Amino acid sequence: MHETYLTVFGITALLATTSLCMPLARKLNFPYTVLLAAVGIFLGAIVTLLGKVEGMGIAGDFVRALGDFSITSEVVFFIFLPTLIFESALSIDVRRLLDDIAPILLLAVVGLMISSFAIGGTVFSLSSQSFVVCLLLGAILSATDPVAVVAIFKDLGAPKRLAILVEGESLFNDATAIVLFTILSAIVVSGAEASLLSGFGSFLKVFLGGIIVGYFFARIVCWIIGRMRDVPLVEITLTLCLAYFAFVVAEHYLHVSGVMAVVTAALVVGSVGRTSIKPATWHGLSEVWEQIAFWANSLIFVVAGLLVPAAMTTFGATEFTLLAAIVVVAFTARSLIIFGVLPLLSRFGLGQQVSTAYKTVMMWGGLRGAVSLALALAIYENANVSEDVQNFILVLVTGFVLFTLFVNAPTMGFLISGFGLDKLSPADLAVRNRVMQRSLRGVKERIGELANDLRVSPEFAREVAHSYDVRLREVERDLARPENFPLDDRMRMAMTTLLTRERQRYLKLYTQGFASSAIAPRLFARADDLLDAVKSNGLEG
């Protein structure tokens, strides 16, 4: 009873802390996950310094709860990971993902192999560890967490195809890293000789096996949902069961990739299930998954921060040299992937051309996070792995994750500003001015009515209306300048507005039942393709 109440108290206090961190991060204009990690490190330092304290009331119980609060790699894998992966994959447009499946798999599989071997080879040349251990470290450190980059692309209105490319690469990248980690960690534990051919065969078996398991269970769940008669609570619950059931059966019973099973299951639900679920229910389902993923992501980063002070106690000059080399090689390898592979894809017609600014942001945004920490924790807890290897991997992974969180993430804003990606184009500025014009006119017209209703003096009402009138004239003056809004930009804006309206009409027709579940996705895809073409190449596109 005593331990249970402390655990509940500790989890509740951590959730409350992480929830308050979000508005604080927005106010400070600081990355949310970085602030979470900082809070976790701070709490971990307090626990390390104070240990188990008595006689401090609630504060003492909180410190004791954090000290006794242990999160294993199995908890991360079987509780947190399915949630985070399912929520990420659920929002991806499957049709557009399949259109770009070749470049996505090339980036996620070939790119990750390049990164893993580059990091592993460098560390092997500088340390006394075996090549398999160093390659294992490379696989762990190659699992990227590009949430921040995806959010930036969406804020900037990047073409949907580019956003799909980055999101799809991140999902399959994590799956590939975990599959490679499973194979290499088994070799490290057993001490067997590594065989390239057998390793490749095991990789295909685990990777493709996860896809089959996820597809099988997702089709069953979608069939059940299709027989429902609008029961939102049951439909949402079934998707939650699907994520965990697919992961556990694949990972524990069939020994194939649980991550790939969850990714596939979410993609099937996002395509087949979306047409079986009413739009209102789908909206609720998305919000439920977003909330669950928020809890999981928040707890992972804080708990990871709690482990940092203890993990870094063995950090010395040797570890610092290795970490510096890893930082250089990891980002060099990612640069090779982004600046080398992507242009080849566009040259052979497998992907659209990506600007240098976007590629630089993608490269610098290769943050490491929850997956890398969970994999390192799995090695640290494995009693069959030597203590030297445990500390070696945990310290270097923790150090590299902290580097990307506290160096890359906070400087993303400066990088974006340097490329001018945070500035509105003339067309976007004109759209903003149009919206401001309509809003200011509406407010100005309502001032007189509100003054009468609230019995405000006419003089004060005129004074308030004058301030809005001044702002309105400034906006109209900007709109009247042809040099600020060339004809091509006007046509681009008109086409964008028209196509956006067209997509809204398709959605309305689908909601009202006039467009079938088979035709509606094709109409959405057509409108999205035209929008991307206009954004990329204007009227010629």
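This is a predicted model: local features need pLDDT of at least 70, side-chain atom pairs count only at pLDDT 80 or more; totals for chains, interfaces and linings use all residues.
## Helix H6 against helix H14

Let's start with helix H6, which covers residues 101-126, and helix H14, which covers residues 317-347. Their axes lie 9 Å apart and meet at an angle of about 150°. Angles over 145 degrees count as roughly antiparallel, and H6 and H14 are therefore roughly antiparallel to each other. The crossing of these two helices is right-handed.

On the H6 side, the contact is made by Pro103, Leu106, Leu107, Gly111, Ile114, Ser115, Ala118, Ile119, Thr122, Val123 and Leu126. H14 answers with Leu322, Ala325, Ile326, Val329, Ala330, Ala333, Leu336, Ile337, Val341, Leu342 and Leu345. Sorted by class, the contact of H6 with H14 holds 19 nonpolar residues, three polar ones and no charged ones.

## Helix H14 against helix H17

H14 also packs with helix H17, residues 387-418: their axes come within 10 Å and cross at roughly 55°. That angle makes H14 oblique to H17. Here too the crossing is right-handed.

From H14, the residues in this contact are Glu319, Leu322, Leu323, Ile326, Val327, Ala330 and Phe331. H17 brings Phe392, Val395, Leu396, Gly399, Phe400, Phe403, Thr404 and Asn408. By class, the contact of H14 with H17 divides into 11 nonpolar, three polar and one charged residue.

## A cluster of phenylalanine rings

The model has eight aromatic pairs, counting rings whose centres lie within 6.5 Å. One of them joins Phe117 and Phe131, with 6.4 Å from centre to centre and 40° between the planes, a tilted arrangement. Phe117 sits in helix H6 and Phe131 in helix H7 (residues 131-141), so this pair links distant parts of the chain, 14 residues apart. Phe131 also pairs with Phe124: the ring centres are 5.6 Å apart and the planes stand at 85°, so this pair is edge-to-face.

Together, ring pairs link Phe117, Phe124 and Phe131 into a cluster. How exposed are its members? Phe117 is partly exposed, with a relative accessible area of 43%. Phe124 counts as partly exposed at 40% relative accessibility, and Phe131 is partly exposed with a relative accessible area of 33%.

Notes:
Residues are numbered from 1 along each chain as its sequence is written. Side-chain values use heavy atoms; hydrogens and water are left out. Axes are lines fitted to C-alpha atoms, for helices over the stretch in contact, and angles run from 0 to 180 degrees between N-to-C directions. Helices (H or I, at least four residues) and strands (E, at least two) are DSSP runs, numbered from the N terminus. Angles under 35 degrees count as roughly parallel, over 145 as roughly antiparallel, 65 to 115 as roughly perpendicular and the rest as oblique. A crossing is left-handed if the near helix is turned anticlockwise from the far one by less than a right angle, and right-handed if clockwise. Contact means heavy atoms within 4.5 Å. Ala, Val, Leu, Ile, Met, Phe, Trp, Tyr, Cys and Pro count as nonpolar, Asp, Glu, Lys and Arg as charged, and the others, Gly among them, as polar. Rings of Phe, Tyr and Trp (its six-membered ring) pair if their centres lie within 6.5 Å; planes under 30 degrees apart count as stacked, over 60 as edge-to-face and the rest as tilted. Buried means under 20% relative accessible area, exposed over 50%, partly exposed in between (1.4 Å probe, protein chains only).
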